[in-house]
Amino acid sequence: MKTSNSLWRDRLSGKLPEPLGEEIDNFESEIELRKQGKIEDKIFAETRLRRGAYGQRYDNGTRYDGEQTREIPYPPGKNTKGPGTVWDAPGMVRIKIPYGGLNPEQLEVLAELAEEYSDDIVHVTTRQDVQLHFVHIDDTPALMRRLAAVNITTREACGNSVRNVTGCPYAGVCKDQAFDVTPYAHALTQFLLGHPDVQNFGRKFKPTFSGCGQHACGLTAMHDAGYLAVTREVDGKTERGFKFYVGGGLGAVPHQAKVFDEFLPVEEMLPMIQAVARVFAKHGEKKNRNRARLKFLIKTWGMEKFKEEVLAERKKLTPDPRWTEYLDSVDTFEEKPSRPGGALPAMNGNERYNRWAKGNLREQRQDGYVTATVALPLGDLTANQTRALGDIVGKYTTGTIRATVEQNFVIRWVSKSDAAALFAELDAAGLAEPGAGTIVDIVSCPGTDTCKLGISSSRGLAAELRKRLIEKGAQLDQAIEDLHVKVSGCFNSCGQHHVSDIGFYGVNRIVQGYQVPHFQVVLGGEWENNGGSYGLPIVAIASKRIPDALDRISEFSLRERLANERFSAFMGRVGKAKARAVLDDLTKDAPSHDDDASFYSDWGDPREYSTGDIGKGECAGEVVTAYEFAMTSAERMVFDAQVSLDDGESQKAGEDGYAAMLKAAKALVQIEYDDVSEDSDEVVEEFKERFYDTKKFFDPYAGGKFANYLFTGHENAGRRFDVEAARHLLEESHLFIEAVHACYNRMRTAGLNHGASK
Amino acid sequence: MNIQHVNAKLFFDSPFEIGGPRVVGVFHDWVREQVFDEVLIDVADYRHVPNGPSLMIIGLEADYVVDDSDGRMGLLYNRKAGIDGSNVDRFKQAIDSAANAALLLKETLGDKAPMFSQTEFQWTVNDRAIAPNTPETFAAFTSDLVASATAILGHSEFTLKHHDDPRRLFSVTVSTIKSFDFAEIA
């Protein structure tokens, strides 16, 4: 698209670090070959994904405009850049920032790229990546060359590969760390990037590093491979190692990582991940991508067998000098301050500074220094802000800044005596938002703004919640301020809603014949302890009522929590039924479309929320009533099952969760076949024949994945449920019920919901 | 030297409240109706970020932005695709497109529309490889800038101010004492 792309190729030729330069040349050739039709679109899609060039919403060439789904009038006759993906449709470029570490020179380039190829916005993700949106595929090689010139790569940022290696942004300066994990995260990044043993995965693979167990900075509990720094004393010497976790992950069905090794010596870090990668590549699911993450392999095998296989693979590996070479350079990662340490200025009359200092400054382990968090609204900053941030970091430190999984930046090694001056400069650049890590600092995935899978507007909701919370400002009780709120646009959990005190994820519902954006309210997750436990959904509420829901939950916890009780502990004590009761009326008495059409649109998007022109036929109305009645029962059953799980009755929870799926399946079957019995064999058989075999139930992206939850539950009827098994089944039950709603909505849209009998 | 990717910004002269749903709705309407010659794709909302591209229509060949960069709100036309013709053609095309959008915004919002400055506008070249922000670039394009501004304004009583921060995009503000009329330049 840019006419200057060849200028950058010529200008940077021979100046890029290898192999990055050669790889980008190859990618540019692949683009050309695809244009000539010499590479299949499916293959090109995976190729570009592994180069960090991702799809974006509407890249199939159509968009719902509030009235109907229309074609976007792209120039005709061009190739696709993947199945059903228009060549000219803008896409997203994901840029890997290992452990979030950046320097001013790199920030400068990111700013330039955001201006010239994107929409002037640099977006920080929940995995310490940077994303640029609305980029034309033709521009990506030039963009990648300019990144490579400052030692940044997009390689394997997407696709079935090892994603960005994340790490604690306080590593090296944190008071609670066992040791600085930075050199190890760096070594793992370099070792795995392009390694032949990580090229044949069925799905992505996400590693992370944390310096301690109690904070959330590394989130080791929810990664495929989590390294938690630990030390031990042997013969009077301190040895470094990692408590090594595997098989964690959020996604639709979250899994807590399991401990593979209580103490993995640093010398074994690289060979062991190589062995894990080889086992995953060899035995991980390849055909069904919905069960292809490492967590499913471990679930199927059990940890004992998985560990046996990995250790056996480890023994077979040919020694690689890189396994330990990096250990010689560990000390070189030690950062130095650029200015002498000092003391924080006394809190003065500047209330804005005082608020910012209270929430955004954190003591370093080194006397005289603090870290300063730059809180980014929704993870966004402009190109000009990015440049200004680089200048500020360069002025006050040796260039030490890291992105965080809360979509912020942390400036490290700020002399305490510079804190007020730093604040003033950040403030001038619009980067001195207070309340980092508090309820105002809401995390959100891209949602319907740009993500192809988004169901509801997570960013729209997050922006609205943030605006309202800022207006309340200093009136917020400390207990409320301390809550973490995270929003995802769908069940896939990119906003990490499972590990927040209060999480939301997007779903849709039919209300009075119209589709209405909703969010499931997820309560009781734990952000601390590296994302130590996951919350569960309790009820779906219309998007426009979520601000009220947040108020209700906040006030409820303020009213009933014990002194110093954390929200997750509070939820565990009072139970979800009580929490749900305070939200119950928000699920009722929706305004009619005539009275309040805004209820039927999403936050920040005035288009009527719908994927089609839904009619309100009287015949359908009768079916809707029966269907909705049954689905309400199914939802209640799964909720009751969660309460049973909370009460320690895992067997009952598992059985009721399956029964809820059966109920939802029957609700769908009854639309076509009124006389279906209560017999589970018949319900499942009819469901399979009418909705699975015909692919009516198939989600455009997930295919028949959710139906398999029902089939597996049916096959395993009568099984024993421990807590983990019941929890997984309840997650699956939720997803199946959502998929029934989605299927029903699609059928209504397509006018297929006429009653039929066998 | 061939210039490409010329942006034009028409400044608002009065404070303009972009917080409500009104302008977002207008932008969605424009996408639905494909009101310009370029392909319009979607609306991006960055009103939560200060001094930035508050609200954008993302297009294939160009974006239309209510832009608050540097604390000066205005309507920005951001040209992404290359255009045939001379440099003067490209400078004029950017202003024409921005003015066209400004007129449409005024027409749609009526008395709720922002007041546009009638004495000032800005050109930016959104490409550092083609137009590094140096005195040499300004010197190389001055005659084209003067010819373009003269053609747009219909007179030569204006000044060009080059914003010379070398890290920023090449940018020039045109100021005139005589008011100009969008309807005539669009």
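In this predicted model, A:Leu188 is in contact, once its neighbours within four places in sequence are left aside, with A:Val165, A:Pro207, A:Met269, A:Leu270 and A:Ile273. A:Leu188 is also one of the residues with the most contacts inside the largest nonpolar core, a set of 187 residues in which A:Val276 and B:Ala98 are listed alongside it. Helix 7 of chain A, which covers residues 269-283, gives this core its largest share, namely nine residues.

Chain A is divided into five stretches, which the table sets out with their residue bounds.

| Domain of chain A | Residues |
|---|---|
| domain 1 | 5-148 |
| domain 2 | 174-333 |
| domain 3 | 351-428 |
| domain 4 | 439-567 |
| domain 5 | 615-758 |

For domain 3 of chain A and domain 4 of chain A, the centres, taken over C-alpha atoms, are separated by 26 Å. Where these two domains touch, domain 3 of chain A contributes five residues and domain 4 of chain A contributes seven residues. The side belonging to domain 3 of chain A consists, by class, of three nonpolar residues, one polar residue and one charged residue.

Chain B contains four helices and eight strands, and their order along the sequence is β-α-β-β-β-β-α-β-α-β-β-α. The radius of gyration of chain B is 16 Å, close to the 16 Å that the globule rule gives for 186 residues, so chain B is as compact as a globular protein of that length. Its C-alpha trace spans about 45 × 35 × 30 Å along the principal axes. Of the 186 residues in chain B, 49% are buried, while 63% of the contacts in chain B with a separation of 6 or more are accounted for by residues 24 or more positions apart.

The contact between the two chains takes 36 residues from chain B and 38 residues from chain A. On the side of chain B that touches chain A, at least two residues each are supplied by helix 1 (22-33), strand 2 (40-45) and strand 3 (53-59) of chain B, and the largest share, five residues, comes from helix 1 of chain B. Sorted by class, this side of chain B has 17 nonpolar, eleven polar and eight charged residues.

Methods:
Residues are numbered from 1 along each chain as its sequence is written. Chains are lettered from A and ligands numbered from 1 in the order in which they are written. This is a predicted model: local features need pLDDT of at least 70, side-chain atom pairs count only at pLDDT 80 or more; totals for chains, interfaces and linings use all residues. The radius of gyration is taken over C-alpha atoms; the globule rule is 2.2 Å times the number of residues to the power 0.38. A residue is buried if 20 or more other C-beta atoms lie within 10 Å of its own, exposed if 12 or fewer, and partly exposed in between; C-beta atoms are placed from the backbone. A nonpolar core is a set of buried Ala, Val, Leu, Ile, Met, Phe, Trp, Tyr and Cys residues joined through C-beta atoms within 7 Å. Ala, Val, Leu, Ile, Met, Phe, Trp, Tyr, Cys and Pro count as nonpolar, Asp, Glu, Lys and Arg as charged, and the others, Gly among them, as polar. Domain bounds come from an automatic or database domain assignment.
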